[in-house]
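Please look at the sequence and the structure before reading on.

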Amino acid sequence: MSDNSKKWFSLNLNSKTKQSTGSCGCGSTTGGCGSHNNTVEVEQKKDGFEQVFDVKMDRRTAFKQLTASLMIGAGAVSTSCSVIAGDETKEKSQIDWEEQFKGNYKLMTDEEKNATVNRLVRSYQIRTGKTLNMSSKNAEEDVLFGYAFNISKCQGYMDCVSACVEENNQDRNSQMQYIRIHEMKDGNGFNFNEADDNYYHEVPAEGHFYMGTQCFHCDNPPCVEVCPVQATWREDDGLVVVDYDWCVGCRYCMAACPYDGRRFNWGKPEVPEEDVNKNQHYLGNRLRKKGVMEKCTFCIQRSRAGKNPACVDACPTGARVFGNLLDPNSTIRWVLENKKVFRLKEDLGTEPKFWYFMD
Amino acid sequence: MGRLKVLSSLVKDSIGAITHGSKKYHIWMAFLTFVMLVGMYCYSIQLEHGLSVTGMTDRVSWGLYISNFTFLVGVAAAAVMLVMPTYVLKDIDFKQAVLIGEGLAVAALIMCLAFVVADMGGPSVLWHMIPGIGVFNFPNSMLTWDVLVLNGYLFLNISIPFYILYERYQGKTPNPKIYIPGALLSVFWAVGIHLVTAFLYQGLQARPFWNNALLGPRFLASAFAAGPALIILILAIIRTFTAFKIEDKTIKKIALVVTIAAQINLIMLISELFKEFYAPTHHSESAYYLFFGLDGKTALLPWIWTSISLNVIATILLTFHKLRNNFKVLFFACFILFVAIWIEKGFGLIVPGFIPGPYGKIAEYTPTNIEIGVTIGIWALGAFVFTILAKTAIGIEIGKLRYKKE
């Protein structure tokens with residue numbers, strides 16, 4: 001095992017070379033961070049499309065062929081099922097058909113990503129008569145997102161939580177929340193056991209301090225390893241994302257996450273039509289279905305468009321800092337270089353990209 | 001063409017065999033069918049409303065289904081304790097029991113797969129997991145290993161008995177050169193399925209209760225106690241209700257296997273308890289929850305203490321030759337041992353893994369009636385499959401079903 005390819009901690013087994021401290025851009029002063037971009041390569045495994053229309057074709061022709069055959073199939077199904085069905089019904093069933101049998105987003109080409117996004121937008125249009133804007137923007141180069149949380153500043157207002165719910169179209173029925181704010185007693189230190197993450201009283205409460213947790217977007221995420229179908233993965237800009245359409249709902253990732261960062265749609269998620277955030281990303285806040293996993297994506301639809309996640313913008317105390325770890329002039333880099341930062345459960349080797357600090 | 005003829009005649013004869021039987025047999029099958037239908041009705045509710053109809057939540061995200069799955073992998077693996085003596089060590093006393101053991105393995109594996117499917121949030125996209133068509137995250141995900149080993153074991157346990165019965169059906173002697181390699185492979189494979197299933201949990205650094213080097217070995221020990229215990233009970237039933245001869249010697253030998261496995265299991269339990277409670281750390285909290293309750297939350301207490309008492313009583317009863325050789329005592333001990341390990345390797349293992357949560361939150365889990373309905377339905381499915389397999393196998397073994405050349 002070469003140590004250079006891994007930036008998180010690994011045992012230097014059976015090797016004469018000294019283990020170097022991984023020159024992780026996230027905290028280190030060297031400019032070597034750019035070299036991490038290649039650590040997680042998209043694996044060249046074959047997905048359904050390639051398997052079916054094997055190697056002699058390239059992916060694009062294969063996809064065209066597949067689409068063509070699917071159209072024929074879907075067309076046949078829909079026309080034979082209903083003679084008097086309108087064009088929209090036919091189109092809808094065709095979209096449903098293609099969506100049911102599409103491949104894993106992680107392995108799609110840009111064209112395929114576009115195609116599925118277009119289908120989803122069109123399907124929403126047919127169903128509700130409203131348009132939405134869905135992006136399939138890929139990770140940019142030389143970007144690695146990181147997050148810092150100022151424990152001294154947080155007062156537990158939970159504006160971040162409600163902003164997150166609105167931004168990310170979370171299920172209102174089950175009151176799903178990605179962020180948990182833990183209310184802790186002064187003098188007890190970081191004692192999560194005695195903390196309350198479900199309080200309904202006026203804040204800041206006397207003699208308490210607050211600490212927020214969410215998905216930490218680990219650089220070595222255990223959830224990604226255990227997924228049997230690669231429905232969750234780490235993007236090149238460090239975001240750990242889920243393809244909601246590829247997830248089979250086994251919840252192994254949930255068991256593997258040491259940070260309570262993942263949420264499951266136990267029932268059918270519902271967002272009132274007027275509350276739906278129509279500015280969406282395929283890997284982010286698009287509407288989910290029942291039986292799939294979801295999680296914080298650092299608001300991928302915002303962060304990849306150069307904005308802060310909703311929680312950062314909503315925080316009234318400025319306790320939340322977000323930015324590009326590879327940009328030496330970013331606030332997050334300033335925090336990491338000038339504050340005494342720490343991370344939770346570092347001994348697990350997960351390398352979260354979420355730091356805590358105090359004034 | 002000859003083979004096809006034999007095969008179709010075999011299928012016809014076995015359908016005849018499983019549709020005809022005594023009144024008790026018909027009542028039994030009707031009862032199982034009814035329970036399965038209830039289970040299917042419960043599952044249809046779950047399909048419609050999602051897993052929200054179960055007791056599982058974001059805090060405890062695996063429950064009764066995965067618990068039963070884990071336990072049944074052990075039952076399936078236990079067939080090896082009959083296969084090895086029969087085919088590898090050539091112990092004639094086990095010969096009568098081995099087909100029953102393999103049939104039990106098949107039924108247990110079918111239940112395992114049914115439990116996994118019942119636990120899935122998106123059963124309609126399960127094809128994503130089929131290697132070649134979907135994306136199979138092998139070798140990173142232990143769940144993919146589990147899919148491979150379970151299906152491989154299912155194949156082995158169907159093909160070997162099928163070959164043997166197919167030959168016997170024609171009045172021939174099965175050729176050991178054909179089935180012995182398969183039997184040998186299945187011995188290692190059986191250990192593999194249960195170890196891999198243990199690794200599924202053992203490999204999670206997020207859950208200290210499972211992240212424990214003893215988990216795999218203890219899985220094996222408890223499986224080799226509970227599985228053969230069930231086989232003894234089944235053999236006792238078959239002995240009473242059919243013409244199939246099973247000698248006392250056979251049952252006594254299997255009882256010895258159960259005894260040793262139960263003793264080893266108890267030693268490992270003591271080792272685990274010592275580690276958790278002699279110098280308790282933050283990581284012992286789940287064990288505290290399981291055995292003593294945490295923060296006034298004590299849902300598992302009655303279960304685990306029942307399990308431990310039954311476990312100890314059964315092991316003591318089995319340890320004394322006099323008691324073990326008395327069949328009434330033996331059957332009682334096997335029954336309570338089976339129940340004890342079902343609790344311990346089922347929700348006694350899975351649920352505390354999630355409690356307390358990653359940040360110390362203690363949220364308890366209680367299965368809903370729908371969940372229990374699906375679970376019982378799947379057990380009925382297993383019993384149904386096993387009855388069919390056993391009835392055909394016994395018919396062929398005692399010579400009632402034979403190929404007739406026209």
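## Helix packing in chain B

At roughly what angle do the axes of helix H7 (residues 176-202) of chain B and helix H8 (residues 215-241) of chain B cross? They cross at roughly 135 degrees and come within 8 Å, where axes are lines fitted to C-alpha atoms, for helices over the stretch in contact, and angles run from 0 to 180 degrees between N-to-C directions. H7(B) is therefore oblique to H8(B), given that angles under 35 degrees count as roughly parallel, over 145 as roughly antiparallel, 65 to 115 as roughly perpendicular and the rest as oblique. Among the residues that make this contact are Val191(B), His194(B) and Leu195(B) of H7(B), and Phe219(B), Leu220(B) and Ala223(B) of H8(B); by class, the contact has nine nonpolar, four polar and no charged residues. (Ala, Val, Leu, Ile, Met, Phe, Trp, Tyr, Cys and Pro count as nonpolar, Asp, Glu, Lys and Arg as charged, and the others, Gly among them, as polar.)

H8(B) also packs with helix H3 (residues 64-77) of chain B, at an angle of about 70 degrees and with the axes 7 Å apart, so H3(B) and H8(B) are roughly perpendicular to each other. Here Gly74(B), Val75(B) and Ala77(B) in H3(B) meet residues of H8(B) including Phe219(B), Ala223(B) and Leu230(B), and the classes are six nonpolar, three polar and no charged.

## Basis of the model

This is a predicted model, in which local features need pLDDT of at least 70 and side-chain atom pairs count only at pLDDT 80 or more, while totals for chains, interfaces and linings use all residues. Residues are numbered from 1 along each chain as its sequence is written, and chains are lettered from A and ligands numbered from 1 in the order in which they are written.

## Overall form of chain B

Chain B has 15 helices and zero strands, these being DSSP runs numbered from the N terminus (helices H or I, at least four residues; strands E, at least two). Its radius of gyration is 22 Å, close to the 22 Å that the globule rule gives for 406 residues, so chain B is as compact as a globular protein of that length; the radius is taken over C-alpha atoms, and the rule is 2.2 Å times the number of residues to the power 0.38. Along its principal axes the C-alpha trace of chain B spans about 75 × 55 × 40 Å.

Of the 406 residues of chain B, 47% count as buried (20 or more other C-beta atoms within 10 Å of the residue's own; exposed means 12 or fewer, and partly exposed lies in between, with C-beta atoms placed from the backbone).

## Contact between the chains

In chain B, 33 residues are in contact with 41 residues of chain A, contact meaning that the C-beta atoms, placed from the backbone, lie within 7 Å. Helix H6 (residues 142-169) of chain B gives the largest share of the chain B side, three residues, and that side divides into 14 nonpolar, 16 polar and three charged residues.

## Backbone details

Most residues other than glycine have a negative phi, and most peptide bonds are trans. In chain B, however, the peptide bond from Phe138(B) to Pro139(B) is cis, with omega near 5 degrees, and a cis bond also joins Ile355(B) and Pro356(B), with omega about -5 degrees.

In chain A, His217(A) has a positive phi of about 45 degrees although it is not a glycine, and with 27 C-beta neighbours inside 10 Å His217(A) counts as buried.

Notes:
Contact = placed C-beta atoms within 7 Å.
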